[in-house]
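Before the two ligand sites are discussed, please look over the sequence and the model.

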Amino acid sequence: DQMDDIKKAGKVRVAIAIGTPLFSYADANLQPTGSDVDTATELAKDLGVKLEIVAITTAARIPTLQAQRADLVISSLSITEERAKVVDFSTPYSAITIMVGAPKDVKIASYADLAGKRIGLTRATTNDALTTKEAKGAEIMRYEDDATLITSVVTGQVDIFSSTPSNMGEINKRAAGKNFEMKFSQLDSGLGITMNKGEPKLKEWINAWVNTNLHNGKLNTIYKKYHGRDLPANVVKPV
Amino acid sequence: MSQIVNPLPGKLHSGLVATEGGGSINTAAHPGPIVKLDQVYKSFGANQVLKGVSFEVAKGEMIAIIGASGSGKSTALRCIDRLEVIDQGSIEVCGIRVDSPTVDLKQLRLEVGIVFQSYNLFPHLTVEENILLALRHVKKLPRAEAHQVALRVLEQVGLQEKAAAYPEQLSGGQQQRVAIARSLAMSPKVMLFDEVTSALDPQLTGEVLRVMEDLAAGGMTMLLVTHEMAFAKRVADRIIYMHQGKVWEVGAGEMLDAPKTPELKAFLDNGL
Amino acid sequence: MSQIVNPLPGKLHSGLVATEGGGSINTAAHPGPIVKLDQVYKSFGANQVLKGVSFEVAKGEMIAIIGASGSGKSTALRCIDRLEVIDQGSIEVCGIRVDSPTVDLKQLRLEVGIVFQSYNLFPHLTVEENILLALRHVKKLPRAEAHQVALRVLEQVGLQEKAAAYPEQLSGGQQQRVAIARSLAMSPKVMLFDEVTSALDPQLTGEVLRVMEDLAAGGMTMLLVTHEMAFAKRVADRIIYMHQGKVWEVGAGEMLDAPKTPELKAFLDNGL
Amino acid sequence: MSFGSFTGTHLLYLFTSIWWTLVLSAVAFALGSIGGFGVMLARISPRRWLRWAALAYIECIQGIPLLILLFIVYFGLSVYGYSLPSLVAAGIAMMVYVSAYLGDIWRGCIDAMPKPQWEAAECLALGRWQTLRLVIIPQAVRLSLPPTVGFLVQIIKMTSLASVIGFVELTRAGQIINNSIFQPFLIFTIVGAFYFALCYPLSRWSEAMERKLNVANR
Amino acid sequence: MKYALDFSTLLPYWPVFLNGAWLTLKMTAVAVVVGVAVGTLVAFAKRSQIQPLSRICAAYIEVVRNTPFLVQIFLLYFGLASIGIRMPTFAAAVLAMVINIAAYAAEIIRAGLESVPKGQIEAAECLGLSKWRIGWHVMLQPSIEKVYPALTSQFLLMMQASAMASQISAEELTAIANTVQSDTFRSLETYIVVAALYLALSLVIKLVTHVLGEYLFRRRRVVRQTAARNSRQAVRPPTASIARQGGAA
Ligand SMILES: Nc1ncnc2c1ncn2[C@@H]1O[C@H](COP(=O)(O)OP(=O)(O)OP(=O)(O)O)[C@@H](O)[C@H]1O
Ligand SMILES: Nc1ncnc2c1ncn2[C@@H]1O[C@H](COP(=O)(O)OP(=O)(O)OP(=O)(O)O)[C@@H](O)[C@H]1O
Ligand SMILES: [Mg+2]
Ligand SMILES: [Mg+2]
């Protein structure tokens with residue numbers, strides 16, 4: 001039983017893809033930081049064990065879990081049906097908006113407008129799955145993590161991207177004068193803390209923890225600290 | 001294409017000077033000797049190798065150069081084909097001033113054929129391709145014509161049946177004969193040979209010497225460095241004995257029987 | 001460790017057969033010759049090199065094998081030490097059936113010492129280390145004892161003072177003598193020598209031949225391939241002339257003065 | 001354009017990550033040498049099946065990118081329940097890869113030893129393993145030094161691939177810094193310079209040794 | 001935990017895998033052809049008498065050979081873009097590969113050029129062949145023939161190195177693998193399949209280069225056949241020379 005293992009080891013291994021601005025990234029001192037990192041820290045504290053961050057790439061989030069290299073993944077992982085077939089999700093602890101962004105002077109209003117255009121995104125994300133399915137005829141450029149995507153947009157390798165508002169904020173900070181804006185929203189999705197299947201004890205504890213901390217406002221504080229706004233209402237459900 | 005034809009004050013020499021007849025398209029007819037060295041000096045660094053070498057080769061003449069190792073024989077030959085640039089003096093080949101900085105190298109090398117001790121065949125080409133290379137790309141002969149020429153020269157050296165072989169499949173003597181054929185194919189006015197048989201067994205040496213003798217009999221102007229005294233004596237019109245970078249003795253084959261200088265005597269006593 | 005001692009029907013031979021005395025620890029005393037080849041055949045691919053070679057070497061005998069290049073002399077020697085496996089026939093050395101597939105190679109090679117034209121010293125080891133190598137690792141002698149043996153054999157070949165030198169610091173003749181010493185150190189019952197002086201200058205050849213002569217005088221059983229006719233005639237008890245993979249003539253040294261077969265006559269006329 | 005800036009902290013971080021590059025290189029080389037030695041022995045074994053097996057191993061491994069081997073080892077070992085730190089995973093993958101190449105290089109060196117040396121040792125009643133250990137290998141080592149050092153350079157460069165499985169060595173450190181300050185040109189130039197500083201002396205050393213060998217053999 | 005390999009999930013993806021393999025092959029082919037051409041020029045330039053030119057070439061070769069390909073890719077892709085030079089992924093990946101392989105090829109070809117005996121060049125001069133003709137017929141052709149094995153093993157390493165282009169969004173085989181494994185959650189199986197595909201690709205490249213070598217270098221074939229025909233005498237096995245070691249990692 002994983003819960004017992006964690007307690008016995010005295011540490012919880014949480015896989016986090018460092019390279020997702022605002023959720024999980026390296027600060028000026030190259031220390032991991034972001035809302036997911038804070039969430040993991042709080043969780044470990046409440047669990048009464050030490051936190052060990054397993055740094056991974058975005059595409060490795062689920063394989064790492066399958067490979068038993070981590071006990072949990074807290075890494076802006078959207079809850080989807082496909083993923084739920086192979087791993088277990090907690091109830092949403094946070095949320096992410098997936099959107100298509102582009103410079104102000106580019107006219108895009110829907111998936112149809114993307115045909116024939118190059119759009120950048122991060123491999124093995126919900127953006128990837130959704131855009132690949134919907135944006136027929138677009139040339140999709142897949143990067144290994146959000147940071148590489150941002151580097152590519154900032155350096156001008158691609159102009160149109162599917163990402164999150166927070167990433168767009170980063171891009172706008174770095175690529176002055178391009179004025180990237182949100183063209184349309186693709187999906188609002190809840191993020192789950194992810195664990196292997198068949199761990200009822202662990203799942204129960206995590207769900208309870210998420211619930212508690214949503215209602216005592218702790219998770220909202222963390223979110224607001226990095227993203228500058230409150231968690232969407234559909235995440236913070238009434239009791 | 002204009003040559004600097006510079007008729008130097010004529011010098012007497014013992015050879016037979018025939019006036020040039022038909023001649024190739026590019027070279028103006030000139031009355032002088034085919035090859036003429038005048039007070040040629042050449043050093044490698046501090047090592048003065050040629051110290052005022054002068055001699056002439058008349059049309060149709062065959063001259064053998066002999067001398068101890070290091071006496072400058074190869075260097076003299078290399079200077080004639082401008083593989084080395086001389087320091088002082090003048091060299092003229094078929095009316096071309098070889099020492100001039102503006103010498104037309106291509107023209108010079110069409111006039112002169114040279115064969116070395118190491119055969120220097122191109123290993124990745126067949127015997128025929130070795131011969132065709134320059135015919136096609138320098139003389140720009142059409143394929144069929146070049147092929148005819150190649151066959152003719154191969155026959156001349158007795159190797160028609162080896163046309164499709166690669167150099168490594170031939171004996172040393174055969175390779176050397178191909179090298180001669182390759183030079184011949186360009187119809188040079190004069191052929192230079194630098195110890196072409198030194199690397200060969202006595203038996204193979206025979207084949208190559210026979211080819212050279214045929215050539216001489218056919219009227220080719222030839223200048224050869226050799227250690228084969230008997231051959232030199234029998235075939236050469238004149239023999240030049242070089243010693244320490246100078247022409248020490250010149251004469252007909254009989255000079256080997258009665259050397260005038262002690263140096264030549266010592267050389268012959270050692271060598272034979 | 002049991003040898004297959006297979007007493008073949010005895011064949012007469014002109015040599016002197018001495019019965020084996022003391023013998024080494026591992027080999028059963030056996031009455032026959034030290035080396036015995038019987039109808040040995042050996043081919044390389046389609047090239048049949050040995051075509052029914054038979055001869056015997058008795059204890060203390062010194063036999064010289066002569067013959068033209070390619071006649072199979074080296075191959076015969078190599079077969080005796082099982083560096084080549086024969087196709088047909090039998091070879092027996094000190095009672096060991098060399099042709100048997102289960103032959104005890106280590107035992108065989110303790111009985112036989114062999115020295116080649118190319119000395120094959122180990123270049124990364126000093127002279128003494130070359131000799132010590134097998135003493136320590138095959139004979140498992142303690143260091144001090146092995147050192148004694150090394151000194152003794154080096155003295156035997158007159159090279160005590162070179163013990164610490166590396167092979168490349170020695171002349172060819174010295175290297176060859178070290179190679180002999182290295183073989184001797186293992187106290188073989190028979191020594192094979194394959195043209196051990198062919199690569200040497202006449203002067204260096206002398207040193208090596210003297211060592212071999214001493215060895216023969218000391219009663220070592222020896223089989224040597226050589227081109228040194230004078231030496232063979234003077235020192236060998238018998239001479240074997242091989243021609244085209246066969247033993248063509250056998251006899252004492254005088255047979256060289258009066259060859260019976262035209263082949264040996266031709267060989268001697270060419271070679272001397 | 002410039003955002004954030006490259007600070008001393010970053011430089012220090014890169015410096016310390018060189019250490020991990022060196023550690024991984026050392027591990028890969030040490031493990032790879034052991035494996036390579038085994039592969040070499042198998043390649044020259046008198047047993048035919050062993051020679052073939054070694055040949056097949058070499059051919060297979062040399063046909064697969066190290067990146068893929070890394071993924072296979074990283075994910076493969078752990079789905080069977082071995083959860084190893086990425087240093088170990090990278091070390092094992094590189095051992096497999098390096099041993100195929102080193103085994104091949106070393107076999108070439110052994111083959112280049114003159115056959116009479118084998119025969120001379122054999123005639124002194126030395127066994128096969130004794131001959132190899134006492135006569136052949138000591139000589140072959142000299143011959144193998146230049147290509148081995150040359151390959152060490154390859155190994156150092158290969159460690160950059162371990163970045164994709166999250167092992168923080170020089171290249172990964174560069175990526176992490178870039179993700180924070182977005183100055184790829186500067187950062188990767190510095191990273192490249194560090195690699196150059198590590199590899200260039202080794203390359204020159206290897207070349208110098210090779211030249212010396214060639215002169216000695218002439 | 002017992003894990004059972006299950007490849008059936010990957011079955012629907014075979015066209016995707018083949019696409020990736022095809023792109024890998026295409027990138028490798030273009031890089032090899034252009035790279036060898038550039039490398040040849042660099043090899044001649046490094047031998048040239050013009051000091052600055054030969055120095056620049058030497059520096060280029062050393063820098064490329066002593067830094068990881070991955071770093072070169074990043075530098076080229078992001079670095080050039082951030083100073084205003086932008087290019088499509090395929091072009092960027094192939095350009096990085098060309099820059100890489102050209103340096104290795106230059107070094108290999110230079111070794112070949114150096115092994116052409118001086119006498120042969122002189123012989124060609126004496127036949128009146130021009131500098132260019134000598135460079136092409138007398139120097140380059142036999143050099144290439146000699147170093148062909150070293151070159152082809154470099155091609156294979158380059159094909160493997162192309163896997164790193166996945167890091168800059170080129171959809172070659174490795175990138176495909178990353179996507180497929182995140183779709184199917186079958187990472188081990190995916191990478192095993194991809195390893196097998198790479199192996200198959202390298203066999204294809206070996207086969208192609210072998211056939212090409214037989215076709216281009218007629219001499220080897222002719223000499224071998226004649227030797228086999230003429231003498232059925234057993235030949236001693238040639239001593240293998242030490243494997244030349246290159247690499248693109
Ligand atoms: N390229 C060179 N650079 C420096 N020294 C040279 C060069 N070529 C020849 N020499 C020197 O010039 C001298 C004469 O050499 P050359 O080859 O002309 O002698 P040779 O008469 O042909 O002797 P041999 O009979 O040995 O061929 C020798 O001392 C040689 O060392
Ligand atoms: N390992 C081998 N493989 C193939 N052919 C061989 C081999 N060893 C020897 N031969 C051939 O066997 C024949 C006899 O060779 P061998 O060395 O026994 O002659 P030899 O009498 O010792 O001559 P030499 O006086 O030249 O040493 C030769 O034709 C040689 O080419
Ligand atoms: Mg000379
Ligand atoms: Mg022999």
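Contacts and shells of the two ligands

In this predicted model, a polar atom in the side chain of C:T75 lies 2.5 Å from an oxygen atom of ligand 2.

Q: Why is the approach of C:T75 to an oxygen atom of ligand 2 called a polar contact?
A: The pair is separated by 2.5 Å, and a polar contact requires N or O atoms within 3.5 Å, so the pair qualifies. The side chain of C:S69 also places an N or O atom 2.5 Å from an oxygen atom of ligand 2, and for C:N47 the corresponding distance is 3.4 Å, which is within the 3.5 Å limit, so this pair counts as well.

Q: How much of ligand 2 does the protein bury?
A: Ligand 2 taken alone exposes 630 Å², of which the protein buries 72%.

Q: Which elements give two or more residues to the shell around ligand 2?
A: They are β2 (47–57) and α1 (73–80) of chain C, and α1(C) gives the most, with 3 residues.

Q: What makes up the shell around ligand 1, by class?
A: This shell has 3 nonpolar, 8 polar and 2 charged residues.

Conventions. Residues numbered from 1 in each chain as written. Chains lettered and ligands numbered in written order. Predicted model: local features only at pLDDT ≥ 70, side-chain atom pairs only at ≥ 80, totals over all residues. Heavy atoms only, no water. Nonpolar A, V, L, I, M, F, W, Y, C, P; charged D, E, K, R; others polar. Polar contact = N/O pair within 3.5 Å; in protein donor to acceptor, adjacent residues only side chain to side chain. Areas by Shrake-Rupley, 256 points an atom, 1.4 Å probe, with all protein chains shown as cover. Helix = DSSP H or I, 4+ residues; strand = E, 2+ residues; numbered from the N terminus.
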